[in-house]
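Here is a short tour of one protein chain. Have the sequence and the 3D view at hand. Follow the headings in order.

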Amino acid sequence: MVERIACGGVNCYIVGVPGACTLVDTATEKYSERLRARAEELGVRVIVITHCHYDHAGGAAKLSSSLGVPIAMHPADIPLMTDPGCFRMRADTLSGRIMLRMRGRHPRRKVTPFSPTIDPSGGLDFAAYGGAGEAVMLPGHTPGSIGVLYDGCLIAGDAVYNIFAPCRSKFYCDGDEAGYSYRRILADDRVSVVYPGHGRPIVLNKNKPMLTPVTE
Ligand SMILES: [Zn+2]
Ligand SMILES: [Zn+2]
């Protein structure tokens with residue numbers, strides 16, 4: 001099961017089977033109560049943060065304590081928790097530059113600090129923590145960006161956007177790495193559907209590299 005929970009402009013996901021689920025991303029604290037209720041119903045055992053931007057990780061501290069479950073996040077993103085501007089972001093398209101500028105003006109872009117006690121770098125299986133899915137390294141958008149692969153589905157965080165059309169990160173710390181991560185997703189035989197951090201899911205066709213938006 002992959003359940004997409006749209007929280008404003010960002011997607012959170014619950015993957016796994018009831019009683020052994022992983023919550024991927026937490027949105028901001030505004031959505032914590034809604035996510036907590038659904039996470040309790042489905043039996044979330046672990047929270048995975050794809051990367052430490054406020055729209056994905058803002059509610060992590062609150063949800064971790066209300067659910068009583070640990071948080072996995074790549075250590076390379078820890079500096080973002082206290083200093084959201086510590087890595088310089090770039091964009092090479094007009095839409096990316098507009099998004100980056102709008103993001104810079106956002107007043108609530110700080111993440112409430114939390115302790116990621118699980119280090120997923122290297123490709124951890126979250127079944128070890130009672131959840132589901134496997135960590136996939138997708139650096140570029142941020143240094144510690146990761147995805148979660150579960151049953152042919154890749155929860156990709158901001159390594160893939162699907163706002164106007166499917167594409168790699170609209171803005172990033174490292175454009176070369178972001179492009180490399182995106183091409184690796186397209187070439188990954190284990191992946192059939194990509195679930196982006198923003199926008200609707202995308203089918204990864206057999207005649208890769210083509211991403212096609214799908215209706216849910
Ligand atoms: Zn992001
Ligand atoms: Zn995002």
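## The loop between E3 and H1

Asp25 sits in the loop that runs between strand E3 (20-24) and helix H1 (32-42). The model is predicted. The phi of Asp25 is positive, near 70 degrees, though the residue is not a glycine. Is Asp25 buried or exposed? Asp25 is buried, because 28 other C-beta atoms lie within 10 Å, and 20 or more are enough to count as buried.

Ala27 belongs to the loop between E3 and H1 as well. Its phi is also positive, at about 55 degrees, and Ala27 is not a glycine either. Ala27 has 25 other C-beta atoms within 10 Å, so it is buried.

## H1 against H3

Next comes a pair of helices. H1 packs with helix H3 (residues 60-67). The angle between them is about 35 degrees. Their axes are 10 Å apart. The crossing of H1 and H3 is right-handed.

Which residues meet here? From H1 come Ser32, Leu35, Arg36, Ala39 and Glu40. From H3 come Lys62, Leu63, Ser66 and Leu67.

## The buried side of H3

Ala60, Leu63 and Ser64 are the buried residues of H3. They lie on the same side of H3, because they cover an arc of only 100 degrees around the axis. What do they pack against? Their partners are H1, strand E4 (44-48), helix H2 (54-57) and strand E5 (71-72).

## Leu63 up close

Leu63 is part of helix H3. Why does Leu63 count as buried? It has 26 C-beta neighbours inside 10 Å, and the cut-off is 20 or more.

Set aside the neighbours within four places in sequence. Leu63 then contacts Thr26, Ser32, Leu35, Arg36 and Ile47. Glu33 is 30 residues away from Leu63 along the chain.

## Helix H6

H6 covers residues 175-186, twelve residues in total. At 1.5 Å a residue, H6 should span 16 Å. The C-alpha atoms at its ends are 17 Å apart, which agrees.

Four residues of H6 are buried: Ala178, Ser181, Tyr182 and Ile185. Seen down the axis of H6, they fall within an arc of 100 degrees, so they line one face of the helix. What covers them? The cover includes strand E8 (153-162), strand E9 (166-168) and strand E10 (193-199).

## The whole chain

How many helices and strands does it have? The protein chain holds six helices and twelve strands. Its C-alpha trace spans about 40 × 40 × 30 Å along the principal axes.

A compact globule of 216 residues would have a radius of gyration near 17 Å. The protein chain has 16 Å, which agrees. Of the 216 residues, 48% count as buried. Now take the contacts between residues at least 6 apart in sequence: 62% of them join residues at least 24 apart.

Terms used:
Residues numbered from 1 in each chain as written. Chains lettered and ligands numbered in written order. Predicted model: local features only at pLDDT ≥ 70, side-chain atom pairs only at ≥ 80, totals over all residues. Helix = DSSP H or I, 4+ residues; strand = E, 2+ residues; numbered from the N terminus. Expected span 1.5 Å × (residues − 1). Buried ≥ 20, exposed ≤ 12 C-beta atoms within 10 Å, placed from the backbone. Arc of directions from axis to C-beta. Contact = placed C-beta atoms within 7 Å. Rg over C-alpha atoms; globule rule 2.2 N^0.38 Å. Axes fitted to C-alpha atoms, helices over the stretch in contact; angles between N-to-C directions. Left-handed = near helix turned anticlockwise from the far one by under 90°.
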